[in-house]
Amino acid sequence: MLGEFEYLLLTAAVRLGEDAYGAAIRQEIESTTGRRCSIGALYTTLDRLEKKGLLKTWMGEATAQRGGRAKRMVKVTAKGVQAATEFYSAVTRASRGVSWETNRMAVQS
Amino acid sequence: MNRICWWLETLSRVLDPDERAAVLGDFAESGDTARQALRGLLGLILRRQAALWKDWQPWLALLGVAVVIGPRLSHMSGALLFPIYMDVRTYWQHGVLYGTGLSTREEAVIFLCQGLALLVWSWTGGFAIGSLSRRTVWVTGPLYFLFGLYPLLLTLPSLILLPLRILLVSTDYQKELLLLPWALLAILQAALFVLPAISGVRQGVRRLALTLPQAGSLAAVIVALVAAATWTGGWQRAAMVRWSGGTWDPSVGWQNRLFVFAFVSWPAAYLLARAFFRRHAKSVHA
């Protein structure tokens, strides 16, 4: 099963869609979690997920904003979507009935 | 951070070119400070390097060559050059050569055989390090050189302080100047070991492997040099035995010499085996 950070990375990549690349994913994770995302953790996790076949990466176009340097583009594969879905289902099942889940649902309703 | 500091660019050269471009571009785009970028880059480099050490090749280069063979070769070069040092020092002090019991011709043959063997062993060990640990060579390479240089490093502080000692402390400057031949020999020792080792490492990183004919030729040369070094190593022993009338035999037997020389030759066997299996794999896939 996926790890926590792997799930965050896949989720951010799916949310960003065609604009998913290293810096954007990092910014998305930081804004979602409120925690700093280490570039070392990001790129090593990208490699690990790519080896598992959960996403694909390739070098995109360079931009002037990046000093003429290319981006590492990311696209989640069908296997990656399935893995993230399984992780989400597992977390949801595990959270049923616990205090922070019932509190959250009460706040929402 | 809009502009990449030159030291970040330099440090990032450890990464693969694509990853380097992606990471530096991310830093340029992000709002990270230089300090945050440095921490992030160091973290990535450490993770990448740690991943490399999960394989066996860097460990073989480190423990099998740098740590084990390096000191052995350094010790051998010291033993080879010690008679020269004694000759220079004795002549400097007393005007006569140090008596080793060997003729000049014998001393020249010993120096040639064992000196050549040392050059080839140093180069082969360096090549093995370069080909085994290409991406971790910045760790294994310097360690290999360090073990070859340690006699010179030990001498260096005394050499640097020598002018001060002569001027301020010593009452016998000639005694102090005896350090100079030792320093020169330490430099020569570094040249016999370190220069071929550096060349070997560079070739190993660039080429990764020798072809089968090249590896075979190298192995044949090393076998011949091991035999020559073992044989000539016994001449000094014989001279000592003659000089002492059979009562003093300080040197090791030929079996021990052969074992040591064969041991430091294992990188050549590795390169030969690797070339053989590469050729075999190519012919299977063809």
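This text walks through chain A as a whole and then a surface patch on chain B. The model is predicted.

Start with the fold of chain A. Its secondary structure comes to five helices and two strands. Followed along the sequence, these elements run α-α-α-β-β-α-α. The C-alpha trace spans about 50 × 25 × 25 Å along its principal axes.

Next comes packing. Chain A has 109 residues, and 42% of them are buried. Take the contacts in chain A with a separation of 6 or more: 49% of these join residues 24 or more positions apart.

As for charge, chain A carries 17 positive and 11 negative side chains. The centres of these two sets lie 3 Å apart.

Turn to chain B. Here Trp59(B), Leu63(B), Val67(B), Val68(B), Phe259(B) and Phe263(B) make up a nonpolar surface patch. Together they have about 550 Å² of accessible area. Two helices of chain B, α4 (57–66) and α11 (254–263), each give the patch at least two residues.

Is Val68(B) buried, partly exposed or exposed? Its relative accessibility is 33%, so Val68(B) counts as partly exposed. The cut-offs behind that label are under 20% for buried and over 50% for exposed. A patch residue needs over 30% relative accessible area, and Val68(B) stands at 33%.

Technical notes
Residues are numbered from 1 along each chain as its sequence is written. Chains are lettered from A and ligands numbered from 1 in the order in which they are written. This is a predicted model: local features need pLDDT of at least 70, side-chain atom pairs count only at pLDDT 80 or more; totals for chains, interfaces and linings use all residues. Side-chain values use heavy atoms; hydrogens and water are left out. Helices (H or I, at least four residues) and strands (E, at least two) are DSSP runs, numbered from the N terminus. Buried means under 20% relative accessible area, exposed over 50%, partly exposed in between (1.4 Å probe, protein chains only). Contact means heavy atoms within 4.5 Å. Lys and Arg count as positive and Asp and Glu as negative; His and the chain ends are not counted. The place of a charge is taken as NZ of Lys, CZ of Arg, CG of Asp or CD of Glu. Patches are made of residues with over 30% relative accessible area and no salt bridge: like charges are joined within 9 Å, nonpolar side chains (Val, Leu, Ile, Met, Phe, Trp, Tyr) within 5 Å. Accessible areas come from the Shrake-Rupley method with a 1.4 Å probe; for residues, only the protein chains shown count as cover. A salt bridge is a side-chain nitrogen of Lys or Arg within 4 Å of a carboxyl oxygen of Asp or Glu.
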